[in-house]
Amino acid sequence: MSSLSERPQQAVVGLPLPHEGAALHVTGEALYTDDLVGRTRDVLHAWPVQSPHAHARITALRVDPAYDVPGVVRVLTGADVPGVNDAGVKHDEPLFPAEAMFHGHAICWVLGETLEAARLGAAAVKADYEPLPSLVGVREAIAAGNYQGTGRHLEHGDVDAALSGAAHVFHGEFEFAGQEHFYLETHVALAQVDEAGQIFVQSSTQHPSETQEIVAHVLGVASHAVTVQCLRMGGAFGGKEMQPHGFAAIAALGATLTGRPVRLRLNRTQDLTMSGKRHGFHSQWRAGFDNDGHLVALEATLTADGGWSLDLSEPVLARAMCHIDNAYWIPNLRVDGRIAKTNKTSQTAFRGFGGPQGMLVVEDLLGRCAPLLGYDAMELRRRNLYQPHHATPYGQPVRHADRLETCWSEVRRTGEIERRQAAIERFNASHPHAKRAVAMTPVKFGISFNLTAFNQAGALVHVYKDGSVLINHGGTEMGQGLHTKMLQVAATTLGVPLERVRLAPTRTDKVPNTSATAASSGADLNGAAIKNACEQIRARLAPVAAGPLGISPHDVRFVNGRVTGLYAGDDRLSWEDVVHTAYHQRVQLWAAGFYRTEGLHWDAAAMRGEPFKYFAYGVAAAEVEVDGFTGAYQLRRVDIVQDVGDSLSPLIDVGQIEGGFVQGAGWLTLEDLRWDESDGPNRGRLATQAASTYKLPSFSEMPEVFNVRLLEKAHEDGAVYGSKAVGEPPLMLAFSVREALRQAAAAFGPAGTSVDLPSPATPEAVYWALEQARSAGQLNELDLHGLRSPARLSGV
């Protein structure tokens, strides 16, 4: 067992504690970035001027009329930028564009004494446009050959030979939608400048260091002149990894030019129409199976809808390609990936970061092919699971693959799957207008940033003379409970009660050069950095305590605020006494911690290596009931077993699993992003730009029975206190809901019926799927190369 993963007997980690900010959240006392406006004097408010065209050249911009509006103080344009007029890390996102690239693109910003003054001022700005041809749908971009960034190729084995020799070959086409983050807190920044010209930006950002970097280069100053702080976020899910930088830069530019604090907060419609979303994908595939139901070969092309600029589309695509296998061994695989450039918002990170999109392709494939092969979909999935001796197509050994089978078996046992399947058969036989189904799907998700350099973290830990402890780390809190876990890690490592430890807001002047809180790595990276800092302090205190105790420093133990030797009968000192003595002996009582994930290597061009520290595993079973008249459905029961290693904080982890699953179910069944693809005046406009038109999961979508279990005896060596990440993997457990809907729809037809099911599988989509099944299994009659194959999916 590594020293990083070794857990002391009396540990604060592992205790089922509530979220550290829970009481503040529910009482409304928790401060978010926009709450600080009321505590700041003379704040100016920003409002955007947005393009009414999906693609247009700006031929004239007349801002003078805005100054006739009472309360307007300044109109910000590209001419005001002292540094680089770009808010993207790929230098393809002009902060003030000369060419509007999507409907709603901000071309300039108005600052007003009040929000209403800024809004009216923005309405007074006159802009002339020369409309240009636009590509709104991903199919349009594919037809036009309009791509951006670097395409990728991943290949393993002899795909052509395996397909030629396969007993059954199928092909398909599948386009599926993206997803809106719809966090409770929209994008917001508050910037101010002090008397020395230091810029302080409060931002709702997952990546304070990159926000700092972008603000600095827009203003033309060094990074040390900019400090970014993130108190907490009201949700982020990846949408605040890259997208906040430009908004923070606008606020900072306004504050610099006016000398007054500037607040920029998008309202809900602005947030929906201006900020990026999960990438929608288009896929084409060919798959070969042997007579025993084993997937022997897969050839696929994945096209990500990147929107108007690159943002994080390249690593999202790479992760999608690395996860197209999900939890299944595919001995021969060839995947080509490319990024379409469309006139939409620039799509960005979203929980799972491309992994869900890649995994959805293989899950859809298996669900469609299982009836055609004569297999129950559950059995087809089980017999294709990775085994301990297998490696991924990109060459990484699948360590602890046996946990997939363990999770699978536990869900079958605790979820009483066999008994319920028999009950479902009886129900379906006696109910011609309603059908039920239960589906099980696995998850294997790689944990680490694809870019190796991002797998590092820092921390700063202060112990004060009274024994109290203050910790700073580079991770951000977006409701996921990272701060709770970090408090537990610090208390465990120092051997003090939890109430002795406090956590400070995330700031770039405390811990520099941090990576984004993303890739499910927040606890792994920052927890290890905090542990490192605390161990430095503990190592300095051990000799201080050893003298009075009359023992070797190696035998000193710190447990629950007491300092003692190896045995229960040894003399004891209080933590506070040891700290007090250490101060008077001039022993350093603070430390900067650092951690870098070892054992990672990745060749992005060759798509080969070991990019992940480990894999997180899980299995879910979902039971649904579908109404044959409307396609409406009810999620009756969900059973989940998730591998989180030795949990740092079980209540937090269970909450993350529940929330991730529900968010995944929303993506797959409810949340239907729609852009106007007509040739009319609103071409490119986001049609689903409010909660009234974009349906989110709510209490009514929650399952009647929701069982979540953490896999036992799942210690992860080499990770902080033996834990595993929990943020992203549970989202993909929701594939079980979509596959159960497919099976329920197919149950309206004869045995062996295979149905297409769009994603999202809205009630309308489910209705048309069950109508397919009712029409005597037309999909099963299609012939491809003399073999039965699912028809191509038209997509939505």
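Domain bounds, as used in these legends, come from an automatic or database domain assignment.

**View 1. Three domains assigned in a predicted model.** In this predicted model, the assignment gives domain 1 as residues 22–29 together with 456–596, domain 2 as 33–133 together with 182–274, and domain 3 as 281–450 together with 605–792.

**View 2. The contact between domain 2 and domain 3.** The C-alpha centres of domain 2 and domain 3 are 37 Å apart, and the contact draws on 23 residues from domain 2 and 29 residues from domain 3. The size of an interface is often expressed as the accessible area lost when the parts come together. For domain 2 and domain 3 the area buried between them is about 2200 Å², with 62% of it on carbon and sulfur atoms.

**View 3. Polar and charged pairing across the interface of domain 2 and domain 3.** The rule finds 1 salt bridge across this interface, and 7 residue pairs are counted in polar contact between the two domains, both residues being at pLDDT 80 or more. On the side of domain 2 that touches domain 3, the residues comprise 11 nonpolar, 8 polar and 4 charged. A salt bridge joins the side chains of Lys90 and Glu314, with an N to O distance of 2.9 Å.

**View 4. The largest cavity and its lining.** Of the 4 cavities of 30 Å³ or more that the rule counts, the largest holds about 350 Å³ of space. Its lining is made up of 19 residues, and those nearest the centre of this largest cavity are Glu93, Gly246, Phe247, Met274 and Trp308.

Technical notes:
Residues are numbered from 1 along each chain as its sequence is written. This is a predicted model: local features need pLDDT of at least 70, side-chain atom pairs count only at pLDDT 80 or more; totals for chains, interfaces and linings use all residues. Side-chain values use heavy atoms; hydrogens and water are left out. Contact means heavy atoms within 4.5 Å. Buried area is the accessible area (1.4 Å probe) that two parts lose on being put together, summed over both. A salt bridge is a side-chain nitrogen of Lys or Arg within 4 Å of a carboxyl oxygen of Asp or Glu. A polar contact is a pair of N or O atoms within 3.5 Å; within protein, one must be able to donate a hydrogen and the other to accept it, and residues adjacent in sequence count only if both atoms are side-chain atoms. Ala, Val, Leu, Ile, Met, Phe, Trp, Tyr, Cys and Pro count as nonpolar, Asp, Glu, Lys and Arg as charged, and the others, Gly among them, as polar. On a 1 Å grid over the protein atoms alone, a cavity is a set of points where a 1.4 Å probe fits but cannot get out, and a pocket is an open set with protein on both sides within 12 Å along at least five of seven lines; lining residues have an atom within 4 Å of a point. Grid points are joined across faces, edges and corners, and a volume is the space filled by probe spheres set on the points.
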